[in-house]
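Please look over the sequence and the model below before reading on. The paragraphs that follow go from the overall layout to single residues.

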Amino acid sequence: MTQRERLQGLTEAYKAAVEALEAVGIEPFLESSSLIGLLRHEGHMPWEVDGDLGVIQSQCEESGATKASLQAAIGANFEVLKFGCRCLEDCEGDNRRMAGRVASKTTGVVIDIFMYAPRSTLEPWQQKLVAEAEAQEWWERV
């Protein structure tokens with residue numbers, strides 16, 4: 001597969017993952033290298049091999065979304081390899097922070113899904129920005 005084909009497959013996987021998440025009541029957002037690619041390259045980074053989406057954990061929990069409901073929403077060309085509003089499977093090491101993974105059955109490209117929640121404790125520099133009204137809230141991967 002050429003990189004051009006991989007990036008086209010990535011675009012299709014993003015579209016499918018976003019539409020499926022929205023169908024189960026979750027509003028995803030670009031994060032990590034996917035967000036950087038959009039800002040710097042107005043699309044994917046030319047060397048990108050996978051995609052990254054973020055979702056708000058409380059919204060996910062309120063939606064009642066499950067791996068099965070996401071699979072039903074995403075269709076036959078994609079497989080939900082992992083999904084839970086909190087890590088339920090394959091939770092060792094870095095995988096603990098990855099709440100979901102969707103893969104294209106045709107191209108093999110994957111979209112990783114990460115949960116976000118408000119930080120419970122702030123660093124002093126973050127507290128200062130909140131106090132000065134330059135920031136309202138800080139979020140982190142959970």
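Which pattern does the chain follow when read along the sequence? The order is α-β-α-β-α-α-β-β-β-α-β, built from 5 helices and 6 strands. The model is a predicted one, with a mean pLDDT of 85 over the chain. A pLDDT of 70 or more is reached by 89% of the residues. Confidence is highest in helix 4, at a mean of 95, and lowest in helix 2 (residues 33-41), at 68. Where pLDDT is low, the predicted coordinates should not be read in detail.

Of the 142 residues in the chain, 37% are buried. Among contacts with a separation of 6 or more, 56% are between residues 24 or more positions apart.

Next comes the interior. In soluble globular proteins, nonpolar side chains tend to be buried together. Here the largest nonpolar core has 26 residues, and the members that touch the most others are Leu-21, Ile-26, Leu-70 and Phe-83. At least two residues of this core come from each of helix 1 (3-23), strand 2 (51-56), helix 4 (67-74), strand 3 (78-83), strand 4 (98-104) and strand 5 (110-118). Helix 1 gives the largest share, 8 residues. Not counting residues up to four places away in sequence, Leu-70 touches Ala-20, Leu-21, Val-24, Val-80, Phe-83, Val-102 and Ile-113.

Strand 4 has a partner on either hand in the pairing list. With strand 3, strand 4 pairs in the antiparallel sense over 5 bridges, and Glu-79 stands opposite Ala-103 of strand 4. Strand 4 and strand 5 also run antiparallel, joined by 5 bridges, and here Met-98 stands opposite Phe-114 in strand 5. These two strands, 4 and 5, form a hairpin with 5 residues between them. In the turn, Gly-108 has a positive phi of about 85 degrees. Strand 4 is mostly covered, with 6 of its 7 residues buried.

Gly-100 lies in strand 4. Why does Gly-100 count as buried? Its relative accessibility is 0%, and the cut-off for buried is under 20%. Leaving aside neighbours within four places in sequence, Gly-100 is in contact with Lys-82, Phe-83, Ile-111, Asp-112 and Ile-113. Of these, Phe-83 belongs to the core members named above. The C-alpha atoms of Gly-100 and Phe-114 are 6.7 Å apart, while the two residues are 14 apart in sequence.

A disulfide is a covalent bond between the sulfur atoms of two cysteines. The structure holds 1 disulfide, which joins Cys-60 to Cys-85 with an S to S distance of 2.0 Å. Cys-60 is in helix 3 (residues 57-63) and Cys-85 is in the loop between strand 3 and strand 4, so the pair ties together parts that lie 25 residues apart in sequence. The disulfide is left-handed, because the torsion about the S-S bond is about -75 degrees. Both Cys-60 and Cys-85 are buried.

Definitions and conventions:
Residues numbered from 1 in each chain as written. Predicted model: local features only at pLDDT ≥ 70, side-chain atom pairs only at ≥ 80, totals over all residues. Heavy atoms only, no water. Core = buried A, V, L, I, M, F, W, Y, C linked by side-chain atoms within 4.5 Å. Buried < 20%, exposed > 50% of the residue type's maximum accessible area, 1.4 Å probe, protein only. Contact = heavy atoms within 4.5 Å. Disulfide = S-S within 2.5 Å. Pairing = 2+ DSSP bridges. pLDDT = per-residue confidence, 0-100.
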